[in-house]
Amino acid sequence: MVVTSSVFLFVFWPVCVAVDYLPAVRKRRRARLWWLLVCSYVFYGWWRADFLGLIALVSVASYLVGRAVEPSRRRRTLWL
């Protein structure tokens, strides 16, 4: 999906933004982050579905490194 395509401009983007601004989603930060992650995967998967595994792997690795970096300054320096 290209950002200048009519599917993106008139269907995908408005749906993602509309759901993101729903009060039920707006209140729950975790639900909002999951929604944006799903939208990102759909966007990239629309182009090449075979790369979704790689994108998921990078997402999980980034999350785990972020969790490892968080506790202390020494660990942060080590990981970075």
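These are legends for a few close-up views of a predicted model. Local features need pLDDT of at least 70 and side-chain atom pairs count only at pLDDT 80 or more, while totals for chains, interfaces and linings use all residues. Numbering starts from 1 along each chain as its sequence is written, and side-chain values use heavy atoms, with hydrogens and water left out.

**View 1. Helix α1 against helix α3.** Here α1 (residues 6-20) packs on α3 (residues 29-47) at about 165 degrees, axes 10 Å apart. Helices are DSSP runs of H or I with at least four residues, numbered from the N terminus; axes are lines fitted to C-alpha atoms over the stretch in contact, and angles run from 0 to 180 degrees between N-to-C directions. So the pair is roughly antiparallel (over 145 degrees).

**View 2. Side chains where α1 meets α3.** On the α1 side, the contact (heavy atoms within 4.5 Å) is made by Val7, Phe8, Phe12, Val15, Cys16, Val19 and Asp20. From α3 come Arg32, Trp35, Leu36, Cys39, Val42, Phe43 and Trp46.

**View 3. Buried residues of α3.** Cys39, Phe43 and Gly45 are the buried ones to look for (under 20% relative accessible area, 1.4 Å probe, protein chains only). The buried residues of α3 pack against α1 and α4 (52-69).

**View 4. Arg74 on helix α5.** Arg74 sits in α5 (residues 73-79). With a relative accessible area of 73%, Arg74 is exposed (over 50%). Trp35 is 39 residues away along the chain, and the C-alpha atoms of Arg74 and Trp35 are separated by 33 Å.

Conventions
Helices (H or I, at least four residues) and strands (E, at least two) are DSSP runs, numbered from the N terminus. Angles under 35 degrees count as roughly parallel, over 145 as roughly antiparallel, 65 to 115 as roughly perpendicular and the rest as oblique.
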